[in-house]
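Hi there,

I am passing on the structure we talked about, and my notes on it follow below. Have a look at it in your viewer first, then read on.

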Amino acid sequence: MIAIVDYGVGNLFSLTRSLECLGAHTQVTGDPAVLEAADRIILPGVGAFGDAMAKLRATGLDRAVAARAAAGAALMGICLGMQLLFEESEEYGRHPGLGLIPGTIRPLKGAVPLALKVPHMGWNALEVLRPHPLARGLRPGDCVYYVHSYYATGCAEAVIASSEYGVNVPGIVARGSVCGCQFHPEKSGKVGLNILKAFCDI
């Protein structure tokens, strides 16, 4: 069973439907006990890093997610959910994250050329940098859909695939059983479905 973490800041419908199309058994939950029984966990998210972490802490879901990751359960973060996997974020101040992947979330504004719009919104090609089960079906030129204003830095050893947007944006990251996508696989057509299928098969 794949547990999709519900902490009030995720677009859960499209993600659930995508996984159902793949034949995956899912449960949307905000119950730490359900996470403890899950084979795999997906941490979605939209909005601000600090607010999201506060909601996770208030419900004890931060401890539940970290405990399952420490036990070796497969965990995938999506968009803001991926950013929460890192040590800290500089979004509206400095906020500690889950600390499951070394690195810092920093603003795209000021890092990318002025001609590029922030938020980074739209389709970009992924370049696979190293083998990983999540990237097994990716081909050169495959594009995915991004919507974000912040990106992961200081995490070169964890980057599986990246996209160029004035800077190299980590698109897929992984460390042990923990992985994440900065883009939205559930909004990325067949390419995104293949990535979700790969996660289901890990």
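In helix 6, the residues Val 191, Gly 192, Ile 195, Leu 196, Ala 198, Phe 199 and Cys 200 are buried. Here buried means under 20% relative accessible area, exposed means over 50%, and partly exposed is in between, using a 1.4 Å probe and protein chains only. Helices (H or I, at least four residues) and strands (E, at least two) are DSSP runs, numbered from the N terminus. Helix 6 has 13 residues and reaches 19 Å from its first C-alpha to its last, close to the 18 Å expected at 1.5 Å a residue; that expected span is 1.5 Å times one less than the number of residues.

Before the rest, two notes on the source. This is a predicted model, in which local features need pLDDT of at least 70 and side-chain atom pairs count only at pLDDT 80 or more, while totals for chains, interfaces and linings use all residues. Residues are numbered from 1 along each chain as its sequence is written, and side-chain values use heavy atoms, with hydrogens and water left out.

Now to the cores. A nonpolar core is a set of buried Ala, Val, Leu, Ile, Met, Phe, Trp, Tyr and Cys residues joined through side-chain atoms within 4.5 Å. The largest one holds 36 residues, and Leu 19, Met 76, Leu 134, Ile 172 and Ile 195 touch the most other members. Two or more residues each come from strand 1 (2-5), helix 1 (12-21), strand 4 (74-78), strand 10 (143-148), strand 12 (159-164), strand 13 (168-175), strand 14 (178-181) and helix 6 (189-201). Helix 6 gives the most to this core, with 6 residues. Apart from this core lies another, of 33 residues, among them Val 5, Val 9, Cys 155 and Val 178.

Which residues does Ile 172 touch? Not counting residues up to four places away in sequence, its partners include Leu 126, Leu 134, Ala 158, Ile 160, Cys 181, Phe 183 and Ile 195; contact means heavy atoms within 4.5 Å. Over in helix 1 sits Thr 16, which counts as buried because its relative accessibility is 13%. Leaving aside neighbours within four places in sequence, Thr 16 is in contact with Ile 4, Thr 26 and Val 28.

Arg 136 is another residue to look at, in the loop between strand 9 (127-128) and strand 10. Arg 136 is exposed, with a relative accessible area of 52%. Its contacts, again not counting residues up to four places away in sequence, are Lys 197, Ala 198 and Asp 201. The side chains of Arg 136 and Asp 201 are joined by a polar contact of 2.7 Å. A polar contact is a pair of N or O atoms within 3.5 Å; within protein, one must be able to donate a hydrogen and the other to accept it, and residues adjacent in sequence count only if both atoms are side-chain atoms. The C-alpha atoms of Arg 136 and Ala 198 are 7.4 Å apart, although 62 residues separate them along the chain.

On to the sheets, where two strands pair if DSSP finds at least two bridges between them. An open sheet of 8 strands has the order 2-1-3-4-14-13-12-9, with mixed pairing. Strand 2 (26-29) and strand 9 stand at the edges with a single partner strand each, so one side of each is left without a neighbour in the sheet. Strand 12 and strand 13 run antiparallel and are joined by 5 bridges, with Ser 163 opposite Val 169 in strand 13.

Strand 5 (residues 86-89) pairs with strand 7 (residues 101-107) in the parallel sense over 3 bridges. Strand 5 also pairs with strand 6 (residues 95-96), in the antiparallel sense over 2 bridges. The hairpin of strand 5 and strand 6 has 5 residues between the strands, and Tyr 92 there takes a positive phi near 55°.

Last, the rings: a search of the whole structure finds 2 aromatic pairs. Rings of Phe, Tyr and Trp (its six-membered ring) pair if their centres lie within 6.5 Å; planes under 30 degrees apart count as stacked, over 60 as edge-to-face and the rest as tilted. Trp 123 and Tyr 145 are edge-to-face, 5.6 Å centre to centre with 65° between the planes. Tyr 146 and Phe 183 are edge-to-face too, at 5.7 Å and 75°, and both residues are buried.

Best wishes
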